Amino acid sequence: MPEQRKSDEREWLNNQVAGYKAVFPHFKLYAKTLETVLKRAASELAPPAIIQSRPKAIPSFAGKALLKREKYDDPVSELTDLCGARVICRTRAQV
């Protein structure tokens, strides 16, 4: 890879990571809110369920942004998995 292309890629990635770092606190809040909502629902529907949520870690974002560079011009705005949650149930009935 020519040196200029590496430099451009590095600069692009640094800009993307800086953009994600700027909005990361919002995704942390979103994850917390999502977890609260799911816990309330689970308390009625599946009390023993385990609820987990988290925003995508910054290093993970950087890796995915670089991997998907050809597909996404603006990963901060275009990636759809920057925050996630799961409900872990113990039985099929709870699901």
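## Aromatic cluster, core and pocket

In this predicted model, ring pairs join Tyr-20, Phe-24, Phe-27 and Phe-61 into a cluster. The structure contains three aromatic pairs. Two of them, both involving Tyr-20, are set out in the table.

| Ring pair | Centre distance | Angle between planes | Class |
|---|---|---|---|
| Tyr-20 and Phe-27 | 5.9 Å | 40° | tilted |
| Tyr-20 and Phe-61 | 4.4 Å | 20° | stacked |

The class of each pair follows from the angle between the ring planes. The planes of Tyr-20 and Phe-61 lie at 20°, and planes under 30 degrees apart count as stacked, so this pair is stacked.

The relative accessible area of Tyr-20 is 0%, whereas Phe-27 is partly exposed, at 21%. The cut-off for burial is under 20% relative accessible area, so Phe-27, at 21%, is not counted as buried.

The largest nonpolar core comprises twelve residues: Trp-12, Leu-13, Val-17, Tyr-20, Phe-24, Phe-61, Ala-62, Ala-65, Tyr-72, Val-76, Leu-79 and Leu-82. H1 and H2 are the elements that contribute two or more residues to this core, and H1 gives the most, with five. In soluble globular proteins, nonpolar side chains tend to be buried together. One member of the core, Val-17, is in contact with Ile-58, Phe-61 and Ala-62 when its neighbours within four places in sequence are set aside.

The largest pocket has a volume of about 190 Å³. Strand S1 (50-55) and strand S2 (83-88) are the elements that supply two or more residues to its lining. The lining consists of Gln-52, Ser-53, Arg-54, Pro-55, Lys-56, Ala-57, Ser-60, Asp-81, Cys-83, Gly-84, Ala-85 and Arg-86. By residue type, this lining divides into four nonpolar, four polar and four charged residues.

Notes. Residues numbered from 1 in each chain as written. Predicted model: local features only at pLDDT ≥ 70, side-chain atom pairs only at ≥ 80, totals over all residues. Heavy atoms only, no water. 1 Å grid on protein atoms, 1.4 Å probe; cavity = no way out; pocket = protein on both sides within 12 Å on 5 of 7 lines; lining within 4 Å. Points joined across faces, edges and corners; volume = space filled by probe spheres on them. Helix = DSSP H or I, 4+ residues; strand = E, 2+ residues; numbered from the N terminus. Nonpolar A, V, L, I, M, F, W, Y, C, P; charged D, E, K, R; others polar. Phe/Tyr/Trp six-rings, centres within 6.5 Å; stacked < 30°, edge-to-face > 60°. Buried < 20%, exposed > 50% of the residue type's maximum accessible area, 1.4 Å probe, protein only. Core = buried A, V, L, I, M, F, W, Y, C linked by side-chain atoms within 4.5 Å. Contact = heavy atoms within 4.5 Å.
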